[in-house]
Amino acid sequence: MALAVELAVELPDGFAGDLADEPAGGLPGELASLAERVAPLALAGERTLPVADEFADLFPERGLVRGRTIVCSGQAATSLALALVAPAVAAGSWLAAIDVPTIGLDAASEFGIALERVVAVRTGADREAGRWSDVVAAAADGFDLLITRVPADVSPTVLRKIATRLRQ
């Protein structure tokens with residue numbers, strides 16, 4: 001979805017002559033500078049990461065949307081998570097696997113994930129409850145994709161805060 005904004009500017013008398021030297025688009029330098037500063041960092045289409053064709057129909061955007069949380073559960077949860085992120089990693093995204101003891105680098109490699117784009121992190125959350133949320137929040141700043149195992153003792157409030165942080 002694209003957003004179009006119209007800008008109407010009333011120029012003071014005698015100012016119209018200065019527009020000939022302005023950038024294409026006709027905006028005075030100050031407005032062009034302002035438009036550049038407030039432009040979105042990423043368009044909606046740029047916020048979507050690719051998935052395998054087999055999974056594309058499961059997502060309205062036909063891919064993984066940055067900031068969205070997806071839950072994989074069951075016996076094949078790790079395999080499903082790896083299968084979902086593999087095309088995005090192959091396209092150049094970075095993956096952080098946080099507290100996922102069942103993730104195997106051999107298995108990730110078999111899904112086509114470039115291991116040089118994967119960082120596995122053990123937080124020790126079983127010894128210190130607050131570490132998991134801190135590590136996930138920090139990883140959200142530096143990685144395109146996160147796979148994590150949520151510790152059993154994390155409160156719903158902390159989970160909501162993490163989900164909000166990921167959407168930013």
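Is Arg165 buried, partly exposed or exposed? I looked this up at the start. Arg165 is partly exposed, with a relative accessible area of 22%. I noted the cut-offs: buried means under 20% relative accessible area, exposed means over 50%, and partly exposed lies in between (1.4 Å probe, protein chains only).

**Entry 1: the model**

I am reading a predicted model, in which local features need pLDDT of at least 70, side-chain atom pairs count only at pLDDT 80 or more, and totals for chains, interfaces and linings use all residues. Residues are numbered from 1 along each chain as its sequence is written, and side-chain values use heavy atoms, with hydrogens and water left out.

I checked the confidence next. The mean pLDDT of the protein is 80, where pLDDT is the predictor's confidence in each residue, from 0 to 100. I found that 71% of the residues reach 70 or more. Over residues 1-12, pLDDT stays under 50. The model has five contacts beyond four places in sequence for residues 1-12; a contact means heavy atoms within 4.5 Å. Residues 15-24 also stay under 50, with eight such contacts. Where pLDDT is low, the predicted coordinates should not be read in detail.

**Entry 2: the fold**

I read off six helices and five strands. These are DSSP runs, numbered from the N terminus: helices are H or I with at least four residues, strands are E with at least two. Along the sequence, the pattern is α-β-α-β-α-β-α-β-α-β-α. Of the 168 residues, 26% count as buried. I also looked at contacts between residues at least 6 apart in sequence, and 58% of them join residues at least 24 apart.

**Entry 3: salt bridges**

How many salt bridges does the structure hold? I found four. The rule is a side-chain nitrogen of Lys or Arg within 4 Å of a carboxyl oxygen of Asp or Glu. Side chains of opposite charge can pair when their charged atoms come close.

I started with Arg165 and Asp141, whose side chains meet at 1.9 Å, N to O. Arg165 lies in helix 6 and Asp141 in helix 5, so this pair ties together parts that are 24 residues apart in sequence. Asp141 counts as exposed, at 61% relative accessibility.

Asp57 and Arg62 form another salt bridge, at 2.5 Å, N to O. Asp57 is exposed at 66%, while Arg62 is partly exposed at 48%.

Then I turned to Glu61 and Arg68, which meet in a salt bridge at 3.0 Å, N to O. Glu61 is partly exposed at 33%, and Arg68 is partly exposed at 45%.

**Entry 4: the largest pocket**

I looked up the volume of the largest pocket: about 1200 Å³. On a 1 Å grid over the protein atoms alone, a pocket is an open set of points where a 1.4 Å probe fits, with protein on both sides within 12 Å along at least five of seven lines. Grid points are joined across faces, edges and corners, and the volume is the space filled by probe spheres set on the points.

Which residues are closest to the centre of the largest pocket? Of the 40 lining residues (an atom within 4 Å of a point), they are Arg68, Thr69, Ile70, Leu146 and Leu166. Elements that give two or more residues to the lining include helix 5 (131-142), strand 5 (145-148) and helix 6 (156-167).
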